[in-house]
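Work through the exercises below with the sequence and the 3D view open. Try each task before you read its solution.

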Amino acid sequence: MNASKMRRKVVPAATENGDSADKLDQILLSAAICNGEDLGPFVRKVFASGKPETLLQHLKHFTRSKESEIEDVCRAHYEDFIMAVDDLRSLLSDVDSLKSSLSNSNSQLQSVAVPLLTSLDSFVEARNICKNITLAIESLRTCVNLVELCSRANFHLSKNNFYMALKCVDSIEGEFLNKTPSSALRRMLEKQIPEIRAHIERKISKEFGDWLVEIRIVSRNLGQLAIGQASAARQREEELRIKQRQAEEQTRLSLRDCVYALEEEDDEGLDGFGDGNRDGYSNGGARALGFDLTPLYRAYHINQTLGLEDRFKQYYFENRKLQLTSDFQVSSMTPFLESHQTFFAQIAGFFIVEDRVLRTGGGLISKMEVENLWDTAVSKMCSVLEDQFSRMQTANHLLLIKDYVSLLGVTLRRYGYPIDALLDVLSKHRDKYHELLLSDCRKQIVEALAADKFEQMYMKKEYEYSMNVLSFQLQTSNIMPAFPYVAPFSSTVPDCCRIVRSFVEDSVSFMSYGGQLDFYDVVKKYLDRLLTEVLDGALLKIISTSIGGVTQAMQMAANMAVFERACDFFFRHAAQLSGIPLRMAERGRRQFPLTKARDAAEETLSGLLKQKVDGFLTLIENVNWMPDEPPQGGNEYVNEVIIFLETLVSTAQQILPVQVLKRVLQDVLSHISEMIIGALLGESVKRFNINAIMGLDVDVQMLESFAENQASLFTEEDANQLKSALVESRQLMNLLLSNHPENFLNPVIRERSYNALDYRKVVAISEKLRDQSDRLFGSFGTRGSKQNTKKKSLDALIKRLKDVN
C-alpha cells in the first residue's frame, strides 16, 4: 500500500504586500506543526504578550485547514479503503479460526510448560544457591588457610623461630592479603604485619646485643684455650727434641741398645666442626671451640630477610670495632705481669671469632675489614709491649710476657694473621733481656759463692749424684760410684752450674719462636759474657778476698778443674737447645772461658803452699855452711819439706786433677829451687865450703827423687817436668862441684848444661865459696896457701864473668 509516505516539510508561504503580524504568526505556527517542531516558543510568546486567545485561534484555524485536506485524501483513497475493508472482512473468519487454534495451542502449551517452568525456576534458584555456597566455601578456605598461616606465624613467634615467622608473614602478605574476603580481617592484617616485623627486629636486636656481651667473655676463654693448646703443642715439640737429643747422645756415645716407640698424639685442635641447630643456621664449627655463632648468623639472616642486610653489616662491624678498642685498655691498677695473659687472650679470642665469621658468615664481614682490625690490634699491642718492656727491670718477667706473646703469635699465625711486627718488638728487646738476665745471674752467683764453705760435697743417695754430677756431665767415669760419695768439688760447682744452665735455657727460651731460626751464635755470645765477665769475675773476687787456707785454695783449684768440664757441657747444652748439631758446636769451640779464675786459684794455692814451704825453709838458717864433712841424709829443712810435699800429694790427689796437681807441684818445686839459691845469695850466708855445697846437692837429689817418685801418679813425662822445676839449683850444684867450672864460658856447653843459670848469680855465689881442703879449692881466707887447678879455674871464671858484666 502507498498509504505510508514520507511526511513533507511545510514551508510557510511568503506574505504578500506586508501582511499583518498575526497572519505571519499563523503561518509560522502552521509550519512548525507540520514540521513536528517544538511549539514551546509560541506558547511562551503568547503568554508573555498576554494574548493566549490568539494562539487558540491560530490552532483552530490550522485544524480547519487540515480537515479539508483530510477530506481530499479520503476522497482520493476511498476505493482503496473499501477494498481493504473487504479484504479485512474476508480475513476475519480466518483470523477467528487462527485465534481458536492459537488458543488451543496456548492451552496445551500452558498445561505442558507450567511444570517445566516450575522445575526451571527451581533449577535456576538451586544453581544460584550453589554458586553462593561455592563462593562461600572458597572464601572460607581462603580464611582457613590464612588463619592457619597466622596460627603458624604465632607458633613460630612463640618459639622464637623468627625466620619461619617472617616467611609466614610474607606468604600472608603476598598470597592472602589482597584476596581476603573479610575487610575486617584485611584491616587487622594490614595493621599487625608491620608490628610483627618490628617485634622480630627488636627481639633479634636484643639477642644480638646479648651475644655481643657474651662473646667478650667467651673470647677471653677461647683465647686462653687456643694459647694453651699452642703451649701444649710446643711442649710436645720440646719433648720430641729432648728425645732426639738423647738419641743423638746415644749415637755419639756409640750406644746401640736403642728403643724406638711409635706414639699416637691427639691432634684434636681448634678446627673441629660443630653440628647444626634447630633453626638451620650453621655454627661453622664454632661450637667445638666453646663459642656459639648461631645468634649472630640468625640475626644476620633475619636482617637479610627484612631487607636490612647492609645496615646490619655496618652495625656489626662498628660494635666489634668498639669492643676491640675496649679490649686495648690496660689497667693501671693491676701490674701488667698479672694482666698480660688476659689482655692477649682477649685479643686472640677476638680474632679467632672474626676468622670464623669471615670464613662461615656468608659475607657478614669482609677480609679487608678483618685486616684493618688486625692492623689496628698489632699497632696497639706493639705500643703496649714497647711501653711495658721499657719499664721492666726483671728478666723473668720479661721472659714470661715474651713467651706468652710468642704463643699468641703461633696461635694467630695458624689463622693466617701476620705477626712479624710482634716478633720485631721481641727481637728489639733481646739485648735488654740478656742484660737483666746477666744481672740476675750475677746476684745468684755471688750468693752461691758467699754461701760456699769450700768443702767437698757429701752425697748419700743416687738422686743427689744424678742431680749434682750427672745432670751437668761432671763425671769422669760412667760407672756409678758407691754411696755415700764424696765429690771432688764443693757446692759452688753445682750451684753455679744450675745458674748457668738456667741462663742458657732462659736465653734459648727467649730466642726461640722469635722468628729467628739460627740463634745459637747469639746464645753463645751471651753465654761467653756470663762465663767470662760474671762467673769468672765473681770467682776472681772470691779467690782474692775469701780464700785464706790451703784447704780452701785446693778446693777452689779443684772446683776450677770441674768448671772446665762444666763449660764444655754449657756450650753443648746451648747447641742442643738451639737445634745445632754437636759436631758443629764442638768445631767452633773456644778456649776455657774461666782461665783467669783458674790461674788465680792455682796461683793462690801455689802461694799458700809456698808460704808453708817457706816456713820449713827457715830451717835452712840452721845449716852449717862450713862443715868439716858433708852432711849425711840431707839437711833438716829438706826432710821437712819432702814430708810436707808427700802429705800434700796424698791429700791433693783425692780432689785435684793430675794436671793441676802437677802444675802446683812444679811451681812449688821451682820456688824451693829459687829459695835454695836465694839462701846462697842472701846476706846471712857470708861464706860456705864445698862440703856445704855437697850437702845442698844431696838436698836437691832428694827433691829430684821425690819428683821422680811421682811417675806412678803422673806420666813419666810429667815427672820429668816436675824434676825440671829444680833445674836451676841442679845446674848450680853441678857447676860448683864440677872439676872444670870454666866450661860455663863455653856457649855450647853452657847452653846444654847451664842454660838455667844467671851468670850474675854464679859470680855472687862463687865468690862466697871457701874451702880449707887442698884436694878441693883450698882456703880463700888463708894468705900464701897453694891453690889447686879447680880453684884457679873458678877464679878465672869469676874474673871473666865480671869483665863481661
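**Exercise 1: A charge and a ring**

Task: find what lies over the face of F510.

Solution. K402 lies over the face of F510, at 5.7 Å from the ring centre. A charge sits over a ring if NZ of Lys or CZ of Arg is within 6 Å of the ring centre and within 35 degrees of the ring normal.

Two notes before you go on. This is a predicted model: local features need pLDDT of at least 70, side-chain atom pairs count only at pLDDT 80 or more, and totals for chains, interfaces and linings use all residues. Residues are numbered from 1 along each chain as its sequence is written, and side-chain values use heavy atoms, with hydrogens and water left out.

**Exercise 2: The whole protein**

Task: state how many helices and strands there are, and what share of the residues is buried.

Solution. Step one: count the elements. The protein has 27 helices and 2 strands. Both are DSSP runs, numbered from the N terminus: helices are H or I with at least four residues, strands are E with at least two.

Step two: look at burial. Of the 805 residues, 40% count as buried. Buried means under 20% relative accessible area, exposed over 50%, and partly exposed in between (1.4 Å probe, protein chains only).

Step three: turn to contacts, meaning heavy atoms within 4.5 Å. Among contacts with a separation of 6 or more, 75% join residues 24 or more positions apart.

**Exercise 3: Aromatic pairs**

Task: classify the pair F336 and F343, then the pair Y465 and Y485.

Solution. Step one: recall the rule. Rings of Phe, Tyr and Trp (its six-membered ring) pair if their centres lie within 6.5 Å; planes under 30 degrees apart count as stacked, over 60 as edge-to-face and the rest as tilted.

Step two: search the whole structure. The search finds 19 aromatic pairs. In one of them, the centres of F336 and F343 are 6.1 Å apart and the planes meet at 65 degrees, so the pair is edge-to-face. F336 is buried at 6% relative accessibility, and F343 is buried at 7%.

Step three: take the tyrosines. Y465 and Y485 are also edge-to-face, with 5.3 Å between centres and 85 degrees between planes. Y465 is in helix α14 (residues 462-468) and Y485 in strand β2 (residues 485-486), so the pair ties together parts that are 20 residues apart in sequence. Y465 is buried, at 4% relative accessible area.

Step four: find a group. F208, W211, Y300, F312, Y315 and Y316 form one aromatic cluster.

**Exercise 4: A cavity and a helix**

Task: describe what lines the second largest cavity.

Solution. On a 1 Å grid over the protein atoms alone, a cavity is a set of points where a 1.4 Å probe fits but cannot get out; lining residues have an atom within 4 Å of a point. Grid points are joined across faces, edges and corners, and a volume is the space filled by probe spheres set on the points.

Step two: list the lining. The second largest cavity has a volume of about 30 Å³. I677, E728, L732, L757, D758, K761, V762 and I765 line it. The largest share, 3 residues, comes from α26.

Step three: examine α24. E728 and L732 are among its buried residues. Its cover includes α21 (658-681), α22 (690-709), α25 (747-753) and α26.

Notes
1 Å grid on protein atoms, 1.4 Å probe; cavity = no way out; pocket = protein on both sides within 12 Å on 5 of 7 lines; lining within 4 Å.
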